[in-house]
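Subject: Structure handover

Hello,

Here is the structure for your files. My notes on what was found in it follow below.

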Amino acid sequence: MAGARAYAMRLDRDTEAEGIQSLRELVVRLPKDRFVLRILGAPLSRRAETAKEGLDLLVRAAAQPGGDPIAEYIQGESLIRYLDREAEGLGAVDRALALAPNYADAHCEKIFTLLERRGDLAAARTALTQVPPALLREERVIAVAVKVWLAANEPERALRALAPASAHFTATYFKGPVGYLKGMAHRRAGRLPAAQTEWRLALRDVQRRLEAAPTDPIELLWKACLLALLDERAEAQAVWDLARQFTAAQTA
């Protein structure tokens, strides 16, 4: 119960410091509890000033009997995304995958890092071949697979990867209408009319979402993007300006 309460406090900006202090006290009482070690190690490992403490906690969690793929993955994510230590981070991700080959987030982090951060398309393709087939229907895995196939200029493979997808992604690696991705694949294959059809369908999806949240700047940006792809330049500019206004209002 104390751990759950401290974890909840850690997630709230107003009580984060108190929650972290409570978790530090809990680690003293439960020095081998991998869950407590993880939930304290994660936020600390993402900040330069506390990174060593956080990583040490995650190493302790991973050292518990049987290992801990989640702790290894969190180490990898923190090292890659927040500390700019990619080689070490990829090593931790590989250790997570050795313990849990069906760990979708770990596969995605590895592929995304190789493709987007390192620009190593060949390595990203190799990593994609190591994803268990059952995971290729998961939204987050589909998102990174499509990035790989578009980067490799293999639009047909991108379209096959998108076959199980719903109309709209909320994945970490791509948030937006799937029709945008399908259209990009068709355009890459030289089928502009098919691409435009997909972008129009995506535009309808975005418009439906805007009916529920008309000031959402992300959806407005998607609308502007799709209008521009459909060569509706004046309307795209107007929507773009509207998105900027609402973004500024949210950050003021």
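His186 sits in helix 11 (residues 178-188); helices here are DSSP runs of H or I with at least four residues, strands are E runs of at least two, and both are numbered from the N terminus. Before going further, note that this is a predicted model, in which local features need pLDDT of at least 70, side-chain atom pairs count only at pLDDT 80 or more, and totals for chains, interfaces and linings use all residues. Residues are numbered from 1 along each chain as its sequence is written, and side-chain values use heavy atoms, with hydrogens and water left out.

Is His186 buried or exposed? His186 has 14% relative accessibility and therefore counts as buried; the cut-offs are under 20% relative accessible area for buried, over 50% for exposed, and partly exposed in between, with a 1.4 Å probe and protein chains only. Not counting residues up to four places away in sequence, His186 touches Leu159, Arg191, Ala194, Ala195 and Glu198, where contact means heavy atoms within 4.5 Å.

Helix 11 packs with helix 10 (residues 155-162) at an angle of about 155°, their axes being 8 Å apart. Axes are lines fitted to C-alpha atoms, for helices over the stretch in contact, and angles run from 0 to 180 degrees between N-to-C directions. Helix 10 and helix 11 are therefore roughly antiparallel; that label applies over 145 degrees, with roughly parallel under 35, roughly perpendicular from 65 to 115, and oblique for the rest. On the helix 10 side, the contact involves Pro155, Ala158, Leu159 and Leu162, which meet Val178, Leu181, Lys182, Ala185, His186 and Arg188 in helix 11. Sorted by class, this contact of helix 10 with helix 11 has seven nonpolar, one polar and two charged residues. The classes are Ala, Val, Leu, Ile, Met, Phe, Trp, Tyr, Cys and Pro as nonpolar, Asp, Glu, Lys and Arg as charged, and the others, Gly among them, as polar.

**Core**

Which residues touch the most other members of the largest nonpolar core? They are Ile111, Val146, Trp149, Leu162, Phe169 and Tyr180, out of 78 residues in that core. Helix 9 (residues 139-151) gives the largest share of this core, with nine residues. A nonpolar core is a set of buried Ala, Val, Leu, Ile, Met, Phe, Trp, Tyr and Cys residues joined through side-chain atoms within 4.5 Å. Leu162 touches Ile142, Val146, Phe169, Val178, Leu181 and Lys182, again leaving out residues up to four places away in sequence.

Tyr180 also turns up beside Ala202, a residue of helix 12 (residues 192-212). Beyond four places in sequence, Ala202 is in contact with Pro177, Gly179, Tyr180 and Leu226. Ala202 counts as buried, at 3% relative accessibility.

By class, the contact of helix 5 with helix 7 has three nonpolar, one polar and five charged residues.

Helix 3 (residues 34-45) packs with helix 5 at an angle of about 10°, axes 9 Å apart, so helix 3 and helix 5 are roughly parallel too. Arg38, Ala42 and Ser45 in helix 3 meet Ile70, Ala71, Ile74 and Ser78 in helix 5. Ser78 is buried, with a relative accessible area of 0%.

**Loops with positive phi**

Asp84 has a positive phi of about 55° although it is not a glycine. Asp84 lies in the loop between helix 5 and helix 6 (86-99) and is exposed, with a relative accessible area of 58%. Asp231, in the loop between helix 13 (217-229) and helix 14 (233-251), has a positive phi near 65°.

**Overall**

The protein has 14 helices and two strands, and its C-alpha trace spans about 65 × 45 × 30 Å along the principal axes. Buried residues make up 46% of the 252 residues.

Regards
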